[in-house]
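Here are my comments on the salt bridges, as numbered points. Please read them with the structure open.

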Amino acid sequence: METAVKLAIAAHADREIVIMRTFDAPLRLVFDAWTKPELLKRWLTGPSGWTMMVCEVDLQIGGSYRFIWRQDVDGTEIGNHGVYREIVPAERLVCTELFDDPWYPGESLISTTLAEQDGKTVYTCTLRYESREARDLVLDSPMEDGLAQSYDRLDELLATVLAGSGATGSA
């Protein structure tokens, strides 16, 4: 499956990173893939060799999420959690993010918007950090590789769900 926009990651302002990607699937299905644990566990695993062990989502304003990943080879675990601040179904999610063992200082604020264009969904995510230094630590990390692999898995999942649903866009 070919996408109109491959992964684009750019620094923005002093404390932000903007991520963009287009998915060849209807908006409702992409929103479901971002918010339903049974779908998240199938694609949001980062680089090869990692598995999502815990995926808890309480999708409501003030509700929380919790994710824990395990590296298959050595058992290393990474966990993060946050609170949903804004939810507009199939359009926008805003939540905080804090790692259990922080590798950058402070908490980040993640604002995700989805827009459908010609049956494809344009995903735009703005990550706001507490400082420019925190933002730069994230930009210098291998984040891009992990995101690219996860989003490629999401493409495969979306195609599978669409094929199995008769292209209704409902997961």
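This is a predicted model: local features need pLDDT of at least 70, side-chain atom pairs count only at pLDDT 80 or more; totals for chains, interfaces and linings use all residues.

**Salt bridges: notes**

1. Asp24 is partly exposed, at a relative accessible area of 31% (buried is under 20%, exposed over 50%, partly exposed in between, with a 1.4 Å probe and protein chains only). Its partner in a salt bridge is Lys120, with the closest N and O atoms 4.0 Å apart. A salt bridge here is a side-chain nitrogen of Lys or Arg within 4 Å of a carboxyl oxygen of Asp or Glu.

2. Residues are numbered from 1 along each chain as its sequence is written, and side-chain values use heavy atoms, leaving out hydrogens and water.

3. The salt-bridge count is 12. One of these joins the side chains of Glu16 and Arg128, at 2.6 Å from N to O. Glu16 belongs to strand β2 (residues 16–23) and Arg128 to strand β8 (residues 120–128), so this pair ties together parts 112 residues apart in sequence. Glu16 is buried at 10% relative accessibility, whereas Arg128 is partly exposed at 36%.

4. Arg135 and Asp136 form a salt bridge, with the closest N and O atoms 2.9 Å apart. Shared partners join Asp14, Arg132, Arg135 and Asp136 into one network of salt bridges. Arg135 is buried, at 4% relative accessibility; Asp136 is partly exposed, at 28%.

Conventions: Helices (H or I, at least four residues) and strands (E, at least two) are DSSP runs, numbered from the N terminus.
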